[in-house]
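Reader: Hi! Could you walk me through this one while I have it open?
Author: Happy to, let's have a look together.

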Amino acid sequence: MIRQDAIKNVGFAGFLAYNWGGNGMGVTQAEQLQHEYYYRSRLVMPGQQPQWLVDNSINVNGTTIPLSWNQPLNWIGGVPNASAAIANFYRTNTAARTITLDGNKTVGVLSFNSPAATRSTPAPAARSR
Amino acid sequence: MNSGAGTSSISVPQGTHLLGVQLNIVSNTNIDLAGGLTLNGGISTTGARTINRTGVGTLNIGTTQTYAAGTTFNANGGTTNFSTSGGTNLALNINATVVFNATQTLGNVSVGSGGNGRLTVGGNRVINTGTFTMTGGKLNLTNNDMIARGGTLGSWNGTAYTGITGYVQSGLGTGSWNGATGIVTTESTATTSILTTLAVAKASDALGVTATETTTWSGQSVNGNAILVMYTWGGDADLNGELNGDDYFWIDSNVLQSGSVFGYHFGDFNYDGDINGDDYFILDSNILQAQGSPPMGGASLALVPEPTSALCGGIACAALFAPPPSRLIESDRVQLQRRADARHGALREIAERNLHSTLVDLVMRMTLD
């Protein structure tokens, strides 16, 4: 079981205690932020619509998560890809970002609401439906 | 974009964003932009879909457009830039600002109130549409051309032209292409002088092709039914981009039928419903500068100011605009002489009937020529 899953399993209170209470494992602040991000990305409130979550590429447990549509860690509310699905790029960009569309995707609502530019580029043969 | 039976939406509340991937419209889609959106990966539709463009922002369509038959694009807000052709399956309704940066082959074009379509300056661009209608707004061709494959040329109804000729007449306004609505040009050689204009004619008249024949005009294949609108020299009756004896032939052949024959091609170069000395004046004024090549834009042209009425009283006007023979090639000189002789005879006949006093003045001018 990876560390992040362990944190998730102890719940939010445990998460806080684990990271900011004692910090017995001596995690760095960067790791704490990663863990918090991971935690947020998996606890979705009912009715939460898919929303692009990240600004720049994140690093989870030493692995860089690319800015690609298919990557669940980049979304809160799940990866949008269905008829009438919502894809909301909401004010998360602090600078121009390029997002790779890795495969055809179907959405009903596509919203770009960020003062910084979002650029969607295709992986080979990718289309946005 | 697919919302099943519902309507899909693309919104840009803020920022400038780019879709570098193919956008396929499966459901009717609203595109509401306060910011900017560029489509650089292509846009297509599956089935007859309606795309409603709203908001004050800018939509740039930069690459391939592949629409299914029956697709409608309603430009109802902001600015939409088309840098590629929409294709013959697209019906485009212009109710806001639409800028064409490339030749457009379209199914239908309609300009409504508040519509402001514009072909960017290039000289080699064309709007080639099946039908063309206006209920308001403007279409600015700048120094480009338009073809309405199934359009209506229109005729004189006693007070104004109808059809596409009527749109051009409306755009001409008081003579400087300042009409509140209609087809216009903003080229300075048209707005501040009579050197250039928008000429309109049916292809069967101007090009001599039948409805079942095709020929190439402005880089496009047209048959005799097509209505042609060309940015060209004032007086270019046959819409070939130059002034020569053929243009004199058309006005000479119809001046006696003024009142029963109408249209730019037949000599009504100022769209006032008459074929008279005013139209000859346009042709005579421009003949020196308008031989051999079409106008390519205001910057490269020397303006010929429209003379005052005092200057154009006869002798002074003729002296001012008389073409020096050395500037004409021999064949044109022979043609011009032949046409001038015919014109002289026709005008003398009219003058003898005391039909119009101003035409007597033209006879004097031609006598002096």
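Author: One term before we start: a contact means heavy atoms within 4.5 Å. Also, this is a predicted model.

Reader: Thanks! Is helix H1 of chain B mostly covered or mostly open?
Author: Mostly covered: H1(B), residues 163-172, has 8 of its 10 residues buried. Among them are Ile164(B), Tyr167(B), Val168(B) and Leu172(B).

Reader: What covers those buried residues of H1(B)?
Author: The cover includes five stretches of chain B: strand E16 (126-134), strand E18 (145-148), strand E19 (182-184), strand E20 (196-202) and strand E23 (227-233).

Reader: And which residue takes a positive phi just after H1(B)?
Author: That's Gly173(B), with a phi of about 60°.

Reader: Switching to sheets, what is the strand order in the open sheet of 10 strands?
Author: The order is E6(A)-E8(A)-E2(B)-E5(B)-E8(B)-E11(B)-E13(B)-E15(B)-E17(B)-E19(B), and the pairing is parallel.

Reader: Which strands stand at the edges?
Author: Strand E6 (97-101) of chain A and E19 of chain B; each has a single partner strand, so one side of each lacks a neighbour in the sheet. From one strand to the next, the twist averages 15°.

Reader: How many bridges join E2 and E5 of chain B?
Author: There are 4, in the parallel sense, between residues 16-19 and residues 36-39. In one of these strands, E5(B), Gly36(B) is the bridge partner of Thr16(B).

Reader: Last one: how many helices and strands are in chain A?
Author: Chain A has 3 helices and 9 strands, and along the sequence the pattern runs α-α-α-β-β-β-β-β-β-β-β-β. Of its 129 residues, 41% count as buried.

Methods:
Residues numbered from 1 in each chain as written. Chains lettered and ligands numbered in written order. Predicted model: local features only at pLDDT ≥ 70, side-chain atom pairs only at ≥ 80, totals over all residues. Heavy atoms only, no water. Buried < 20%, exposed > 50% of the residue type's maximum accessible area, 1.4 Å probe, protein only. Helix = DSSP H or I, 4+ residues; strand = E, 2+ residues; numbered from the N terminus. Pairing = 2+ DSSP bridges. Axes fitted to C-alpha atoms, helices over the stretch in contact; angles between N-to-C directions.
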